[in-house]
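The structure is shown first.

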Protein chains: 2
Amino acid sequence: MSSAQQPFSDRLAEAVLRAGNPLCVGIDPRWESLPTSFRQRYDDTLDGRAHAYAEFGLRVLDLVAPYVAVVKPQSAFFEACGPAGFSAQQAILRRSRELGLISILDAKRGDIASTATAYADAAFGVWDADALTVNPYLGRDAVEPFIQCARAKQRGLFVLVRTSNPGSGMFQNLQVKGKPLYENVAAEVGAWNRENLGACGLGDVGAVVGATHPQELRALRALLPEVWFLVPGFGAQGGRAEDIASAFRSDGLGALINSSRGITFPFQPDDPQWESAIVKATRETITALKAATGSKSGV
Amino acid sequence: MSSAQQPFSDRLAEAVLRAGNPLCVGIDPRWESLPTSFRQRYDDTLDGRAHAYAEFGLRVLDLVAPYVAVVKPQSAFFEACGPAGFSAQQAILRRSRELGLISILDAKRGDIASTATAYADAAFGVWDADALTVNPYLGRDAVEPFIQCARAKQRGLFVLVRTSNPGSGMFQNLQVKGKPLYENVAAEVGAWNRENLGACGLGDVGAVVGATHPQELRALRALLPEVWFLVPGFGAQGGRAEDIASAFRSDGLGALINSSRGITFPFQPDDPQWESAIVKATRETITALKAATGSKSGV
C-alpha cells in the first residue's frame, strides 16, 4: 500500500517502528541560539532571520533524519519573521516529506466552520504537513472541520488536552462532573479518534499531553488506549524520561515524545562542532528514552 | 497625547466615538465570492488568490473607512494562500493604520511562554495590528505573555470567552463551580483587564462574546463592566440587531459588533456595482445597529 493511501495512524506507527524510538524533534528556531556563523552570514532583519531559520532547520532535518521518525516545526517562530518566515516553514515541511519524516505542524489552530476549513487547507494543502495541533476551546464545530480535511488526505490531528506549562491548570484543571476539564476534552478526543482506527489499533485524532504531569499521563493512557499522544515538556521544560514511560501502550506504541531545544540547541553559539552536538544529543536522548521505557518505546 | 502613547482602550473609545458607531468590518476574503473581474485578472493559484485578496481587501478598507472605526482581518483566509497570503495580510494591516482604522487581527493564537511571545511579536511587531484575538485554553502563562507584549506597545487583546458557533457549548458550557466554563474564563479576563484601565473606564483585555447568545451577552456585560466585547455572529451567523443591544454599557461604549460577509460580500460576483453595494451595506448595517441600540452605540 502506498503511503499516500495509508491511514495516518498506520503510517505513523510504521515510521516509529522503523526508527525504533518515539522521539519527535521540535524545530523551534531562535535567532540568539543559532550558531554564530549563521548570525554572521545573515542580517538580523525579518528576512535575514527567515533565511537563517530555513538553512538551520534544513540542516537539523538532515542530521536527525537517520535516527528519528517525527519532526514538529513550531509555527510561531516562523510567523515572527513575517511572510518570509512562512517560506522557511514551507521549505522545512517539504524537506521533511522528501526525507520520509512524519511532520507535525505545531500551530495550535482553532476557529469555526469555513474558517477552520481554511486553516486545515493551509496545514494539509499549502504547508503539506502530516499532522496539525488544534485547540479545542471553540467546541465541536471548531474541531470537526479539521478532522474532515485531515481524513480527506489521510493526515492527523493532535488536540490540546493537558498542556505542559505551569499555568495550564487555570482552566484545564477546573472540575466538571467530578473530573477536571481536560478529562472531558479527552473523552471527546477519544470519541473522534474511534471513528477512524487504523490496522495498528490507533486513530487519527491524537492528544497533546504534557510530560510535566506524569500521573495524569498515566490516567489518560488508561482512558484513551487507542489515541496517539504527543508529549511535550520533556527535557528543557522539566519532564524526565521515567515520567513518560506511562504514556505508551503495552505494545510500545501510542506516544511521541517531543524535545525541541534539547536536540536542536545543545551547543554554545560559538561551538564550531554544533552539528555533531545535535547528533550526539539526538542519540543520547533516544538512549535515555529507551532506558526509561524499556521495550515500550516503539522498538 | 499622541495615539502611540495613548492606552489602547482610550484610543479605541475615541475612534468609536468619532465614527459614531460600533461596527467592526471583518475582512474574510473568499475566492469564490470575489467580484468576477478579480477572478478574471488573477490566476486561481495561491499567489494569484493572495494578490486578489490584497487588492480586494485594500479596496474594502478605502470604501468603509469613512464610516467605521474598526476592521478585523481573518488570518486563516490569508494563511490559506501560503507565504504570499501573509504579504496580503500585512498590506491590509498597513493600509488600516494609514487610514486611521483600529485593526484587530483575528488569529485566535494561543501557546505558552516564549512561543506565545513569538506570536505576540508577530501580531504587534511584524503585522503591526492594534489588537489580536487569543485562545485561553492553555491557561495563565498562555495569556500573560500576550498581555505583556500588548502593553509594551499600547495594544489590546480579545480573549475567546463565548464563541458564536453552534457547537461552542461542548466545552464552554460545561458547569464549573455552579456556572458555565465560559463565565470562569470571563472572570479571569475581568481580572487581567482591570490591571490596566484607560481614562474611558475600559481596559485592554477584551472578550469575544458571540451575538448568537443574547442572554449570555447581557449576563457577561453585567459581570464585566470594564471589558471591551468583540461580538461576532451578527448578520450572516444569525445574530440580530436587537440581540446585541445588551452588549453595550450605559455610556454606549464597550462593544464592537462585527460583520464580515454581510459588509464585504453583499453582491453577486458578476455585479459591476459591487463597490456601491459594499458602501450601501455598511451604511444600512450602521443604521440597523443604531436603531436597535438607541443612543447606546458609540455615538
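Strand 3 (residues 102–109) and strand 4 (residues 131–134) of chain B run parallel and are joined by three bridges. In this predicted model, B:Leu105 stands opposite B:Leu132, a residue of strand 4 of chain B.

## Interface between the chains

Contacts between the two chains involve 47 residues of chain B and 47 residues of chain A. On chain B, the elements that each supply at least two residues to the side touching chain A are helix 4 (75–79), helix 5 (83–98), helix 6 (113–126), helix 7 (140–152), helix 8 (169–172), strand 6 (175–176) and helix 9 (181–194). Helix 6 of chain B gives the most to this side, with seven residues.

Sorted by class, the side of chain B that touches chain A consists of 24 nonpolar, 16 polar and seven charged residues.

## Overall form of chain A

Chain A contains twelve helices and ten strands. Its C-alpha trace spans about 55 × 45 × 45 Å along the principal axes. The radius of gyration of chain A is 18 Å, which agrees with the value near 19 Å that a compact globule of 299 residues would have.

Of the 299 residues of chain A, 60% count as buried. Considering contacts in chain A between residues at least 6 apart in sequence, 74% join residues at least 24 apart.

A:Asp128 has a positive phi, near 60°, although the residue is not a glycine. A:Asp128 is found in the loop that lies between helix 6 (113–126) and strand 4 (131–134) of chain A. There are 17 other C-beta atoms within 10 Å of A:Asp128; a buried residue would need 20 or more and an exposed one 12 or fewer, so A:Asp128 is partly exposed.

In chain B, B:Ala113 also is not a glycine and has a positive phi, of about 50°. The place of B:Ala113 is in helix 6 of chain B, the element that gives the most residues to the side of chain B touching chain A. B:Ala113 counts as partly exposed because it has 17 C-beta neighbours inside 10 Å.

Notes
Residues numbered from 1 in each chain as written. Chains lettered and ligands numbered in written order. Predicted model: local features only at pLDDT ≥ 70, side-chain atom pairs only at ≥ 80, totals over all residues. Contact = placed C-beta atoms within 7 Å. Helix = DSSP H or I, 4+ residues; strand = E, 2+ residues; numbered from the N terminus. Nonpolar A, V, L, I, M, F, W, Y, C, P; charged D, E, K, R; others polar. Pairing = 2+ DSSP bridges. Rg over C-alpha atoms; globule rule 2.2 N^0.38 Å.
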